[in-house]
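User: I would like to learn how to read helix packing and charge pairs in a model. Please take me through a case.

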Amino acid sequence: MSTRPPGPRGEPLFGNGRRYSRDPFSFMTDVADAYGDVIRLDLGPRETYMFTNPRDIERVLVSEWSAFGKPNLDDAIDDLLGDGLLMSEGDRWRQQRDLANPAFHARRIAGLDDAIVDHTTDALAEWADGDTVDVQIELARLTVRIIVTAMFGTDVDRETVKEVQEHLEPLGQRFEPNAMRAVIPSWAPTRENREFHDAVSTLEGIIDDLVARRRGTEETAADPAGDAVDSPMPMDLLSILLRAQNAGEQTEQDLRDELMTMLLAGHDTTALALTYTFYLLSQHPEAKARFRREVDALDGDPTAGDVRDLEFTDRVLSEAMRLYPPVYTLFRQAKVDTRVAGYRIPEGSLIMLPQWVVHRSPRWYDDPETFDPDRWAPERRADRPRFAYFPFGAGPRHCIGKQFSLLEAKLILATVGRRFDFDYEGPDLDLRGSLTMHPNHPVPLRLSER
């Protein structure tokens, strides 16, 4: 057997990079269909291998996870996220993960249900019967407010939320696949880079304001003479980081990196998962009717306790994230030479684990392009490989916010579904890749008050 995996022939200088840049989704699907479980790609300066078999994905993410680190794909990611939890490695990552864990404890997350529903209800007060809303933008603004409350322990006004949302566009553009970008450093004074750095500076300013607002609260709580000494110690992420900083365990840069990571990663994927869920329900009236019957049966506003009983809503959300995973591919870097499916994977090479491909593979799913929430019924999912579905990653580096995101998404779905019917009035869904997978156009929903 050859030790070199098969793969598509590239063009001089750019390899397969320009085709991947034009449409990463069809490119990944096409090469997976043509070449199988392990595929060698040439996406630029890095030798790249794409794995599409759940068996091999499990090795990279779980059983041999320490042999596959986080790669540095683009120096602009360092400019944006720094050494935060998403990008850090080794002892630094373990320290920061341990520090952040209490903010994501199951009991604390469940206790955020009222805040999630309150923010959603507040947002719905701006919606009216007959309105058409761009649900992607509306959900992005809502989830920004929720993540700030949940993890920063404070609130932001609508103007600040709008400012955050408006500055996400130049960030997203900077990370869209582009064969030329690999040779243009982030410090080069291109228009795109200037807009990117301006957006980063704006978000840093917003984070600075949020931190300044909380410092006084933490100082009062720590002061034996303060009025708040008998109050429970707040366990939002920002409070935890501020206490660690007061103990000399975190720097200003540490706070900046962790909070920037949380602000962006903590709202974007949930907003996208919900956008695709509303889109799919709009396209499938029978599923929407079942969803409405389930949420209508709730006694009052939904709670964390109710979420456990929202069985069909859970299936709908899982199916939406199967068909439209917000994180559409994960990247790792081989730390040592290894062999996968009989092929040599050299040390330093880039590894792609494409949710987009695996989630839509006919090897693991019947009629994979069809929206079928009942494929998540226990008797149907039992025979599928575990890692045929991994929207939140897996293993020690799985998304720390997974349970929070799922609770948030189900509470928002239930709150909206009890108040409004909705119909999609846009074009066929077109997608663009960045750090996450976004619609390439507005996502208009026409609302009918119930």
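User: Is Arg 375 buried or exposed?

Analyst: Buried means under 20% relative accessible area, exposed over 50%, and partly exposed in between (1.4 Å probe, protein chains only). Arg 375 has 1% relative accessibility, so Arg 375 counts as buried. A word on the source: this is a predicted model, where local features need pLDDT of at least 70, side-chain atom pairs count only at pLDDT 80 or more, and totals for chains, interfaces and linings use all residues. Residues are numbered from 1 along each chain as its sequence is written, and side-chain values use heavy atoms, with hydrogens and water left out.

User: Which residue forms a salt bridge with Arg 375?

Analyst: The general idea comes first. Side chains of opposite charge can pair when their charged atoms come close. A salt bridge is a side-chain nitrogen of Lys or Arg within 4 Å of a carboxyl oxygen of Asp or Glu. Here Glu 319 pairs with Arg 375, with the closest N and O atoms 2.9 Å apart. Glu 319 sits in helix α16 (residues 311-323) and Arg 375 in the loop between α17 (355-359) and α18 (378-381), so the bridge ties together parts 56 residues apart in sequence. Glu 319 is buried too, at 0% relative accessibility.

User: How many salt bridges does the structure hold?

Analyst: It holds 41. Another one joins Arg 158 to Asp 122, at 3.1 Å from N to O. Arg 158 lies in helix α9 and Asp 122 in helix α7 (residues 113-124), so this pair links parts 36 residues apart in sequence. Both ends are partly exposed: Arg 158 has a relative accessible area of 45%, and Asp 122 has 30%.

User: How do I read two packed helices?

Analyst: Two packed helices are described by the angle between their axes and the distance between the axes. Helices are DSSP runs (H or I, at least four residues), numbered from the N terminus. Axes are lines fitted to C-alpha atoms over the stretch in contact, and angles run from 0 to 180 degrees between N-to-C directions. Take α8 (residues 135-152) and α9 (residues 158-166): their axes come within 9 Å and cross at roughly 120°. That makes α8 oblique to α9; angles under 35 degrees count as roughly parallel, over 145 as roughly antiparallel, 65 to 115 as roughly perpendicular, and the rest as oblique.

User: Which residues in α8 meet α9?

Analyst: Contact means heavy atoms within 4.5 Å. Ile 137, Ala 140, Arg 141, Val 144 and Arg 145 in α8 meet residues of α9, including Arg 158 and Val 161.

Methods: Helices (H or I, at least four residues) and strands (E, at least two) are DSSP runs, numbered from the N terminus.
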